[in-house]
Amino acid sequence: IPDVSLLLVFSLFYLVGWLVYFNIDQAMLQLAKMSWLLIGVGVLSGSAAVYSYFISNQVAEQLSYTLAMWSLTFGITGLFIKYFPKRTRVLGYFTDASYWVYLWHPIFILLFAWSGVKVGLPLWLSFVTTSVLSLTVVSLSYTYVVQGTKVDMWLSGRRRRELPLVEKAQDTLVQPSVSG
């Protein structure tokens, strides 16, 4: 029997995605405008989640953590829309590989984290090493096993169009207004 709260969270993610789909240009513009605010909310909420953990307030911890993850996810997405509106070779690669990376990274995260503990790496060095090695292994597996195959098309779906509205709006977001 699935956990009801987990089903509700995933349902909420699905609902937000479904609603955004119908007005994608406006949603992208709003994410770009509010990106730094969302990052700030995410950092503060994450700090509140850590504090709640240490004072053993599980409800506050879960709510703060959830708000932090949503805010950081939308904030980071907004930063990419704002500062990298064009598809570049590297960002395009990771856009196409993202679902493959999402599906396979936990195996390598657990393997490399376990290895870091076994060899006695300090926590932060283990974190960085685990992250870099996992991304490298999964990216290489995407490049040499999946890229350009039917599996790639199935995972990546149809390619998205450029968002000219966001691109044009980006120019107005960066340029200061001149009042006369």
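Good morning. I begin with proline 106, which lies in helix 4, residues 89-119; helices here are DSSP runs of H or I with at least four residues, strands are runs of E with at least two, and both are numbered from the N terminus. The model is a predicted one, in which local features need pLDDT of at least 70 and side-chain atom pairs count only at pLDDT 80 or more, while totals for chains, interfaces and linings use all residues. Residues are numbered from 1 along each chain as its sequence is written, and side-chain values use heavy atoms, leaving out hydrogens and water.

Is proline 106 buried, partly exposed or exposed? Proline 106 counts as partly exposed because its relative accessibility is 36%; buried means under 20% relative accessible area, exposed over 50%, and partly exposed in between, with a 1.4 Å probe and protein chains only. Between proline 106 and serine 134 there are 8.4 Å in space, C-alpha to C-alpha, and the two are 28 residues apart in sequence.

Let me turn to the protein as a whole. It has seven helices and zero strands, so that the order from the N terminus on reads α-α-α-α-α-α-α. Of its 180 residues, 23% count as buried. Among contacts between residues at least 6 apart in sequence, 72% join residues at least 24 apart, a contact being heavy atoms within 4.5 Å.

Next comes the second largest pocket. On a 1 Å grid over the protein atoms alone, a pocket is an open set of points where a 1.4 Å probe fits, with protein on both sides within 12 Å along at least five of seven lines, and lining residues have an atom within 4 Å of a point. The lining of this pocket consists of Ser5, Leu6, Val9, Phe13, Gln62, Tyr65, Thr66, Met69, Trp70 and Thr73. Two elements give two or more residues each to this lining, namely helix 1 (4-21) and helix 3 (58-83). Helix 3 supplies the largest share, six residues.

Because its relative accessibility is 66%, serine 56 counts as exposed.
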